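Work through the exercises below with the sequence and the coordinates open. Try each task before reading its solution.

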Amino acid sequence: MKYGYIRPIVLDPQCTHQLNELFIDTLFQETHGLARKRTELEHLLMTVQKYDELFIQNIVVLADSLQQLLDILRLAERDQITIHFIDEQLTNQTIQDATLLQSATFFSNLQSKFLSHSSTFTLQAAKHQGKSIGRPRKSDDNLQLAFEMYGSKKYTLYDIKEATGISKSTLYRYLDDRSTSLPDEKK
């Protein structure tokens, strides 16, 4: 049998551009793009049998990390299932004719896509739950004190951190932001 698996990804959040031109006997569609609770993927992996074929638009649809991809490829090899990755024009049965540099570049790009996908959907879920996103902002009083201490040149970065709770890297980030936002004559 020919199975398909689709799920929301960064470049196709509505799953409208996945497996459109293929005849699939049974399509499994995940309702979210998060790494956890991928019930349709689990159901699919429990359903496929020896010699079945699985069609996936691209590797990021199937896996959220290189480790997960490796686990699924091992499962497919054990159960003699062929997985077709449409965008990459690969199957789990074929090998890319590539140099080590080309292969390393491929997997480095794949890792970046995994991270981008995971970050995007995790942030969306957090926003949907009403959680604040990003670094917590330091209080204006502490920032002002840190700026004054730094500007006086009488205190070490350690002294500033102890007095304000603002680390060296945070202080430098705020100083950099502050200097780029000042008009040229005040710099």
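**Exercise 1. Is T91 buried or exposed, and what does its side chain reach?**

Step 1. T91 is buried, because its relative accessible area is 17%. The classes are buried under 20% relative accessible area, exposed over 50%, and partly exposed in between, with a 1.4 Å probe and protein chains only.

Step 2. Know the ground rules. This is a predicted model in which local features need pLDDT of at least 70, side-chain atom pairs count only at pLDDT 80 or more, and totals for chains, interfaces and linings use all residues. Residues are numbered from 1 along each chain as its sequence is written, and side-chain values use heavy atoms, with hydrogens and water left out.

Step 3. T91 sits in strand β5, residues 90–91. Strands (E, at least two residues) and helices (H or I, at least four) are DSSP runs, numbered from the N terminus.

Step 4. Follow the side chain. From T91 it comes to 3.0 Å from the backbone nitrogen of Q93. This is a polar contact: a pair of N or O atoms within 3.5 Å, where within protein one must be able to donate a hydrogen and the other to accept it, and residues adjacent in sequence count only if both atoms are side-chain atoms.

Step 5. List the contacts (heavy atoms within 4.5 Å). With neighbours within four places in sequence set aside, T91 is in contact with T82, I83 and H84.

**Exercise 2. Give the strand order of the sheet and name its edge strands.**

Step 1. The sheet is open and has five strands, in the order β2-β1-β3-β4-β5, with mixed pairing. The edge strands are β2 (26–29) and β5, each of which pairs on one side only. Two strands pair if DSSP finds at least two bridges between them.

Step 2. Strands of a sheet pair through backbone hydrogen bonds, either parallel or antiparallel.

Step 3. Go through the pairs.

- β1 and β2 run parallel, joined by four bridges; Y3 stands opposite T26 in β2.
- β1 (residues 2–6) and β3 (residues 53–56) pair in the parallel sense over four bridges; K2 has E53 as its bridge partner in β3.
- β3 and β4 (residues 82–85) run parallel, with four bridges; F55 faces H84 in β4 as its opposite residue.

**Exercise 3. Describe the largest pocket: what is its volume, and which residues lie nearest its centre?**

Step 1. On a 1 Å grid over the protein atoms alone, a pocket is an open set of points with protein on both sides within 12 Å along at least five of seven lines, while a cavity is a set where a 1.4 Å probe fits but cannot get out; lining residues have an atom within 4 Å of a point. Grid points are joined across faces, edges and corners, and a volume is the space filled by probe spheres set on the points.

Step 2. The largest pocket has a volume of about 410 Å³. Its lining has 18 residues, and L73, T91, N92, T94 and F107 lie nearest the centre.

Step 3. α3 (66–78), β5 and α4 (100–128) each supply at least two lining residues. The largest share, five residues, comes from α3.

Step 4. Sort by type. The lining has ten nonpolar, seven polar and one charged residue. Here Ala, Val, Leu, Ile, Met, Phe, Trp, Tyr, Cys and Pro count as nonpolar, Asp, Glu, Lys and Arg as charged, and the others, Gly among them, as polar.

**Exercise 4. How many cavities of 30 Å³ or more are there, and what lines the largest cavity?**

Step 1. The count is one cavity of 30 Å³ or more. The volume of the largest cavity is about 40 Å³.

Step 2. Its lining consists of L45, V48, L54, I72, L75, A76, I81 and I83. These divide into eight nonpolar, no polar and no charged. α3 gives the most, three residues.

**Exercise 5. Locate D12 and find its partners.**

Step 1. D12 lies in the loop between β1 and β2. D12 is buried, because its relative accessible area is 4%.

Step 2. A polar atom of the D12 side chain lies 2.9 Å from the backbone nitrogen of T16. Not counting residues up to four places away in sequence, D12 touches R7, H17 and Q18.

**Exercise 6. What is phi for K37 and for Y51?**

Step 1. K37 has a positive phi near 55 degrees and is not a glycine. K37 is in the loop between β2 and α1 (39–47), and is exposed at 70% relative accessible area.

Step 2. Y51, also not a glycine, has a positive phi of about 75 degrees. Y51 is in the loop between α1 and β3, and counts as exposed at 60% relative accessibility.
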